[in-house]
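Please look over the sequence and the model first.

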Amino acid sequence: MECRLGCGACCIAPSISSSIPGMPNGKPAGVRCVQLDDGNLCKIFGQSGRPDVCADFKADHGVCGEENTLAMSNLIELEMLTG
C-alpha cells in the first residue's frame, strides 16, 4: 500500500523514543511531531536526520485502513497495547 499523503497519523499517534530534529528527546504518543507541516507532510522526509523508526515505517492496509481517521485509531490502539 502507498502512504496517503496528508494523513500524518504515524507522525502523531505513536511515541518515538529516538531524537528528531527539533525534538531531541523524541516525542510522546499523541503529540504532533514538529517536523509535520500544516498539510501533514514530513518536512524531513528522505533526509538523514529523520529517525530510522520513521524511515522504516511502511504503510500497511491492516494498520492504515482506508481513511486517515482509521489509521489514527489503529495506531493509537497499537500504541496503548505496546506502550
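A residue counts as partly exposed when its relative accessible area lies between the buried range, under 20%, and the exposed range, over 50%. The model is predicted.

**Asparagine 40**
- Asparagine 40 is not a glycine, yet it has a positive phi of about 60°.
- This residue sits in the segment before helix H1 (52-56).
- With a relative accessible area of 21%, asparagine 40 is partly exposed.

**Cysteines**
- The count of disulfides is zero, because a disulfide needs a pair of cysteine sulfur atoms within 2.5 Å.
- For cysteine 3, the closest cysteine sulfur is that of cysteine 10, and the 5.6 Å between them is too far for a bond.
- For cysteine 11, the closest cysteine sulfur is also in cysteine 10, at 4.1 Å, which is too far for a bond.
- Cysteine 3 is exposed, at 54% relative accessible area, whereas cysteine 11 counts as buried, at 18%.

**Largest pocket**
- The largest pocket holds about 710 Å³ of space.
- It is lined by 34 residues, and those closest to its centre are Cys3, Cys10, Cys11, Arg50 and Phe57.
- H1 and helix H3 (68-82) are the elements that give two or more residues to this lining.
- H1 provides the largest share, three residues.
- By type, the lining of the largest pocket consists of 25 nonpolar, five polar and four charged residues.

Note on methods
Residues numbered from 1 in each chain as written. Predicted model: local features only at pLDDT ≥ 70, side-chain atom pairs only at ≥ 80, totals over all residues. Heavy atoms only, no water. Helix = DSSP H or I, 4+ residues; strand = E, 2+ residues; numbered from the N terminus. Buried < 20%, exposed > 50% of the residue type's maximum accessible area, 1.4 Å probe, protein only. 1 Å grid on protein atoms, 1.4 Å probe; cavity = no way out; pocket = protein on both sides within 12 Å on 5 of 7 lines; lining within 4 Å. Points joined across faces, edges and corners; volume = space filled by probe spheres on them. Nonpolar A, V, L, I, M, F, W, Y, C, P; charged D, E, K, R; others polar.
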